[in-house]
Amino acid sequence: MTETHELRIAVIGAGPAGVYSSDIFLRQLKKLGEELGLGTAARIDLFEKLPVPFGLVRYGVAPDHPSIKFIASALEKTLDNPDIHLYCDVEFGKDVTLDELLERYDAVLFATGAVEDKPLGLPGADLDGVYGAAKFVEWYDGYPTGAREWPLEAEEVAVIGGGNVAMDAARCAKRMGAEHVYVLYRRDEEEMPARKEEVHHAKEEGIEFMLLTNPVKVLDDGTGRVGGLECVKMRLTAPDESGRRAPKVVEGSNFTLEVDTVVMSLGTSPNPLIRSTTPGLETNRKGCLQVDEETMATSRPGVYAGGDAVTGAATVILAMGAGKKAAESMHQYLQEKHNK
């Protein structure tokens with residue numbers, strides 16, 4: 001604890017988990033700080049790598065999503081607290097390290113999201129005109145006050161994936177002027193992970209669904225750009241013991257889809273800089289931080305984590321719940337540290 005008896009907490013990530021956990025920590029401190037011997041004075045510094053806060057609530061969902069305005073409004077009110085200070089355009093691993101933070105703060109909370117698009121993993125995936133869906137949707141609605149220059153002059157767009165982000169990306173591409181937007185998914189509509197209302201809205205906006213279809217190669221137009229997408233048709237086997245049907249390639253069903261842009265929506269993973277720049281901070285093979293499930297404590301003393309940084313991509317509610325648990329656990333840690 002600092003000489004002024006003001007606790008200083010660093011929170012990495014100003015998405016729902018980071019903002020909500022900051023609010024919970026301050027509320028708990030006000031309620032229990034004197035009882036725990038911590039006092040009630042604290043300063044929380046939120047570090048966000050993007051130009052504005054709120055993570056995927058702002059950057060990763062189509063702007064007309066029904067719950068977004070309510071969540072964003074609640075987060076805005078939390079940031080009005082004078083004990084919470086927001087610093088944007090600060091990227092962990094590049095602009096600041098964990099060791100530097102631990103020299104200045106009593107505890108650190110990782111609340112970073114899972115915002116890195118998983119690679120397509122097909123021949124030709126490195127061609128110009130292949131984009132990640134999370135990055136695509138982030139650009140579409142993420143920088144309302146800044147210059148937005150996207151090199152998309154697409155007429156024919158293929159979106160690979162069947163989740164909610166795929167629906168968002170497809171709708172964004174259509175609104176940006178693409179003549180045809182196709183959603184490719186290797187299973188049937190019944191097994192698509194996207195919410196039914198998301199699929200319904202996409203269809204209303206003219207998105208074309210190519211189900212039981214899987215890409216195998218991105219084709220080069222001869223200049224290093226996307227010139228098409230080689231695909232195969234799929235069939236579903238009989239249900240296995242779990243009741244799930246496996247997709248199998250229909251032999252000889254290869255065909256070429258004439259597109260000039262490919263958007264991959266195959267899921268997201270945490271920022272790889274966390275793993276590569278922070279010795280002693282244990283992660284799993286997916287790059288997620290490993291924590292004690294009861295306390296959300298990481299392998300480094302005084303360092304906690306919650307939200308997508310731990311679970312991978314999940315829901316806003318789960319991220320906020322994990323942030324709450326982490327914030328409460330920090331109180332116990334700080335009390336023990338103070339009483340030594």
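The accessible surface of the protein chain comes to about 16,600 Å², and 50% of that area belongs to carbon and sulfur atoms. The model is a predicted one, and the values given here are computed from it. Of the 340 residues in the protein chain, 50% count as buried. The secondary structure consists of 10 helices and 16 strands. When contacts between residues at least 6 apart in sequence are considered, 68% of them join residues at least 24 apart.

**Nonpolar cores**

The largest nonpolar core has 25 residues, and those with the most contacts inside it are Ile9 and Phe25. Two or more residues are given to this core by each of β1, α1 (16-36), β2 (42-47), α3 (68-79), β4 (107-110) and α10 (316-338). Helix α1 provides the largest share, which amounts to five residues. Apart from this core lies another one, of 23 residues, with Met167, Ala169, Val183 and Phe209 among them.

Pro16 has its place in helix α1 and counts as buried, because its relative accessibility of 10% is under the 20% limit. Although Pro16 and Ala74 are 58 residues apart in sequence, their C-alpha atoms are 9.8 Å apart in space. Thr78, which is found in helix α3, is likewise buried, with a relative accessible area of 14%. Leaving aside residues up to four places away in sequence, Thr78 touches Val19, Asp23 and Ile84.

**Cysteines**

How many disulfides does the structure hold? The structure holds zero.

**Salt bridges**

The count of salt bridges comes to 14.

| Pair | N to O distance |
|---|---|
| Arg8 and Asp45 | 3.7 Å |
| Arg175 and Glu205 | 2.8 Å |
| Asp188 and Arg245 | 2.8 Å |

In the salt bridge between Arg8 and Asp45, the closest N and O atoms are 3.7 Å apart. Arg8 lies in strand β1 and Asp45 in strand β2, so this pair ties together parts that are 37 residues apart in sequence. Both Arg8 and Asp45 are buried, and for Arg8 the relative accessible area is 17%. Strand β1 itself covers residues 7-12. The side chain of Arg8 also has a polar atom that lies 3.4 Å from the backbone oxygen of Arg104.

The side chains of Arg175 and Glu205 meet in a salt bridge with an N to O distance of 2.8 Å. Because Arg175 lies in helix α6 (residues 164-175) and Glu205 in the loop between α7 (196-204) and β9 (208-211), the pair ties together parts that are 30 residues apart in sequence. Are the two partners buried, partly exposed or exposed? Arg175 counts as partly exposed at 33% relative accessibility, and Glu205 is partly exposed with a relative accessible area of 25%.

Asp188 forms a salt bridge with Arg245, in which the closest N and O atoms are 2.8 Å apart. This pair links distant parts of the chain, with Asp188 in the loop between β8 (180-185) and α7 and Arg245 in the loop between β11 (226-236) and β12 (247-249), 57 residues apart. Here Asp188 counts as buried, at 18% relative accessibility, whereas Arg245 counts as partly exposed, at 27%.

Salt bridges that share partners also form one network, in which Arg171, Arg175, Arg195, Glu197, Glu198 and Glu205 are joined.

Key
Residues are numbered from 1 along each chain as its sequence is written. This is a predicted model: local features need pLDDT of at least 70, side-chain atom pairs count only at pLDDT 80 or more; totals for chains, interfaces and linings use all residues. Side-chain values use heavy atoms; hydrogens and water are left out. Helices (H or I, at least four residues) and strands (E, at least two) are DSSP runs, numbered from the N terminus. Buried means under 20% relative accessible area, exposed over 50%, partly exposed in between (1.4 Å probe, protein chains only). A polar contact is a pair of N or O atoms within 3.5 Å; within protein, one must be able to donate a hydrogen and the other to accept it, and residues adjacent in sequence count only if both atoms are side-chain atoms. A nonpolar core is a set of buried Ala, Val, Leu, Ile, Met, Phe, Trp, Tyr and Cys residues joined through side-chain atoms within 4.5 Å. Contact means heavy atoms within 4.5 Å. Accessible areas come from the Shrake-Rupley method with a 1.4 Å probe; for residues, only the protein chains shown count as cover. A disulfide is a pair of cysteine sulfur atoms within 2.5 Å. A salt bridge is a side-chain nitrogen of Lys or Arg within 4 Å of a carboxyl oxygen of Asp or Glu.
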